[in-house]
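Subject: Structure for your files, with notes

Hello,

Please find the structure below. My notes follow it, grouped by topic.

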Amino acid sequence: MAKILVADDDITSVAIMKKVLEESGHSITTVTDGKTALAKLKQVKFDVLVTDFDMPGLNGIQLTKEALELENDLIVILITAFVSVKQVVEAIKLGAFDYLTKPINKEELVLAVNRGLEKVSILNENLLLKQELEKSDSKAEKSFEYATTSPELKSILNDVNKVAKSDSTVLITGENGTGKEVLAKYIYHHSKRSTQPFVVVNCAAIPNQLLESELFGHAKGSFTGAINDHKGYFEIANNGTIFLDEIGEIELLMQVKLLRVLQEREFSRVGDTKIRNTNVRIIAATNRNLKEMIEDGKFREDLFYRLNVFEFNLPALRFRKMDIVFYFEKFISDFNRQFSKNITSVSEETKKYLMNYSWPGNIRELKNIAERVSILCESDNVTPELLPDKIVNHINTDISEDENEFIDDTLNNSMNGEGDYNLNKDKVVKDFEIKFIKDKLKLYKGNVAATAKAINFHPVSLRQKLNKLGINPKDFKK
């Protein structure tokens, strides 16, 4: 939807254009003289100006000139009852996009507006591409598929697929390295905005004094070094998606401004009072506990609830035992091609060490280990001596010694028995999860929040797992 200003002193013509453009899904403001049109353009950011050549106050040529000085990417479409080649040439030289003749042809009007909006969209995409190329040396786009063997994550993805098709705001939580950006891209690629821009903003990597300018843009002369008008990401990504990573690092003043965008879908550039509208979908992510930050006065509660329309918590890798070997083998396969290796297998003992390690760096750390192993491996099989000492000598402190013995025994029994490895592994992990969680729920008398905190689990993830395993916390309240 575009914001369109229609300026014409012919009331009938205005009514026709307003009806036609509103039926095309646009927001229309109408005025009947040039001076009022210019005043509106100074107050609000419009995408398109449709103006008559001959109007009181300011004629179409004068209005075009002053309007484009205010907003150089404004699409100006001029309308006239009497075609004057000289006027048309003058208007086009000033920067007008197109002209139409009266009586207005409805299809031509809609086509002219759509062509103008398409031009702006292409310019914005080119600008975004230029900025991204300046930031990185043509880094390859990560896959937008979210690969997993974890039943818990597959369950989450079922909900994600439903939410992706909406325009609702999404909050993704989880430790560093759990794949929050990959999930954000998955949502984007499975949304109806997938053909529009996707902008990633790492809020922790941009100083707070510059973040406002990056998000909302700035006006020329608004601060030292602002030698030109600058478009922010909310303008560049209009109709697309913005991923605000590390949202918990934004200072309180910026949180207020971001809240306004979420509530009103409008903002102003730094150093400018003009209201600009945006139609972006926001996906946010954080590794922080925002509820604790709210209690400490470091995060606004109203912003939290605006962001948290849908929350998806990605469990840490240590709680997704099934994914550890799956990802490791996948990374090994990728590095085979990169390093011209021919590694075809990972020994069962190596898998046991990998599954026993706590992976504080999650998937990112696992990928680094896979890269190291791929470089060092001189055969077709990955064996334990290729792993770092921290993994081979790791004692799993996340669970008790008895529970470690339970995992070791069941894994050994599984590997010594017959049958499919993955099926055996699935049963072992599920049996352990049921025993472990039931023991903790019993200890904390069915209090899910207390249990989640004790086992370093996110409450949302724990409730999801309880549902999957068929465990009712009420059974442990006595």
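How far apart should the ends of H6 be, given its 14 residues, and how far apart are they? Please keep in mind that this is a predicted model. At 1.5 Å a residue, H6 should span 20 Å, and its end C-alpha atoms are 20 Å apart, so the two agree.

Helix H6

H6 covers residues 151–164. Its buried residues are Glu152, Leu153, Ile156, Leu157, Val160, Val163 and Ala164. Viewed along the helix axis, these buried residues fall within an arc of 130 degrees, so they line one face of H6.

Which strands make up the open sheet, and in what order? There are 5, arranged as E7-E10-E13-E6-E14, and the pairing is parallel. The edges are taken by E7 (198–202) and E14 (310–313); each has a single partner strand, so one side of each is left without a neighbour in the sheet. On average, neighbouring strands are turned by 20 degrees against each other, direction ignored. H6 packs on this sheet, where it touches E6 (170–173), E13 and E14, and its direction makes about 150 degrees with that of E14.

Strand E13

E13 (residues 281–286) pairs in the parallel sense with E10 (residues 241–245) over 4 bridges. In that pair, Thr241 stands opposite Arg281. E6 also pairs with E13 in the parallel sense, over 4 bridges, and there Ile172 has Ala285 as its bridge partner.

Are the residues of E13 buried or exposed? Of its 6 residues, 6 are buried, so E13 is largely enclosed by the rest of the structure. In a regular strand the side chains alternate between the two faces of the sheet. In E13, Arg281, Ile283 and Ala285 point one way, while Ile282, Ala284 and Thr286 point the other way, and all are buried.

Single residues

- Lys45 lies in the loop between helix H2 (34–43) and strand E3 (48–52). Lys45 is buried, because its relative accessible area is 10% and the cut-off for buried is under 20%. Leaving aside neighbours within four places in sequence, Lys45 is in contact with Lys3, Glu71, Asp73, Glu235, Lys274, Ile275, Arg276 and Asn277.
- Pro103 is in the loop between strand E5 (98–101) and helix H5 (106–135). The peptide bond from Lys102 to Pro103 is cis, with omega near 0 degrees.
- Asn362 belongs to helix H15 (residues 362–376). Its phi is near 55 degrees, a positive value in a residue other than glycine. Asn362 is buried, with a relative accessible area of 0%.
- Lys445 sits in the loop between helix H18 (421–443) and helix H19 (448–454). Lys445 is not a glycine, yet has a positive phi of about 50 degrees. Lys445 is exposed, with a relative accessible area of 57%.

Regards

How values were computed:
Residues numbered from 1 in each chain as written. Predicted model: local features only at pLDDT ≥ 70, side-chain atom pairs only at ≥ 80, totals over all residues. Heavy atoms only, no water. Pairing = 2+ DSSP bridges. Helix = DSSP H or I, 4+ residues; strand = E, 2+ residues; numbered from the N terminus. Axes fitted to C-alpha atoms, helices over the stretch in contact; angles between N-to-C directions. Contact = heavy atoms within 4.5 Å. Buried < 20%, exposed > 50% of the residue type's maximum accessible area, 1.4 Å probe, protein only. Expected span 1.5 Å × (residues − 1). Arc of directions from axis to C-beta.
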